Amino acid sequence: MYDHIGLRVADLDAATRFYGAVLAPLGYVLCSSGDGYAGFGPKGEPALWLHLNKGRKADGAHIAFRAKDHDAVKAFHSEGLKSGGRDNGGAGPRKDYSPTYYAAFLIDPDGNNVEAVCS
């Protein structure tokens, strides 16, 4: 669980397309956007903020989004691949994490490791 996370991105349009696609199956939407930023979350409650990074390349981060079921995890992965993400582990059980852990992993356009998980 988290209150909010901010990521610096090199291409705000590409990052907004990517996160719009992968977060839709999880029930999250673009809540706010403007010059140099975009915010995603439940309607009216942005919790993931993207900020245009005009300086050095940002170091990668890891974010795990909660999904309601296995189908949402699968859709997250599929939509991410179609929207500029790279595979970092397809949808499936991760018994080494816990007996009921089911997740998928992607690398976003800026090198961040993003995950959808349900358990």
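Predicted model: local features only at pLDDT ≥ 70, side-chain atom pairs only at ≥ 80, totals over all residues.
Phe18 counts as buried because its relative accessibility is 0%, where buried means under 20% relative accessible area, exposed over 50% and partly exposed in between, with a 1.4 Å probe and protein chains only. Next select Tyr97 and Tyr101, an edge-to-face pair at 4.9 Å and 80°; Tyr97 is partly exposed, with a relative accessible area of 47%.

Now turn to helix H1, residues 12-23, where helices (H or I, at least four residues) and strands (E, at least two) are DSSP runs numbered from the N terminus. Among its buried residues are Leu12, Ala15 and Val22. At the N-terminal end, Asp11 caps H1 with a side-chain oxygen 3.1 Å from the backbone nitrogen of Asp13.

Finally, select Asp110 in the loop between strand E8 (102-107) and strand E9 (113-118). Asp110 is buried, at 16%, and its side chain reaches the backbone nitrogen of Ala10 at 2.7 Å.

While selecting, keep in mind that residues are numbered from 1 along each chain as its sequence is written. Local features need pLDDT of at least 70 and side-chain atom pairs count only at pLDDT 80 or more, while totals for chains, interfaces and linings use all residues, and side-chain values use heavy atoms, leaving out hydrogens and water.

How values were computed: Expected span 1.5 Å × (residues − 1). Polar contact = N/O pair within 3.5 Å; in protein donor to acceptor, adjacent residues only side chain to side chain. Phe/Tyr/Trp six-rings, centres within 6.5 Å; stacked < 30°, edge-to-face > 60°.
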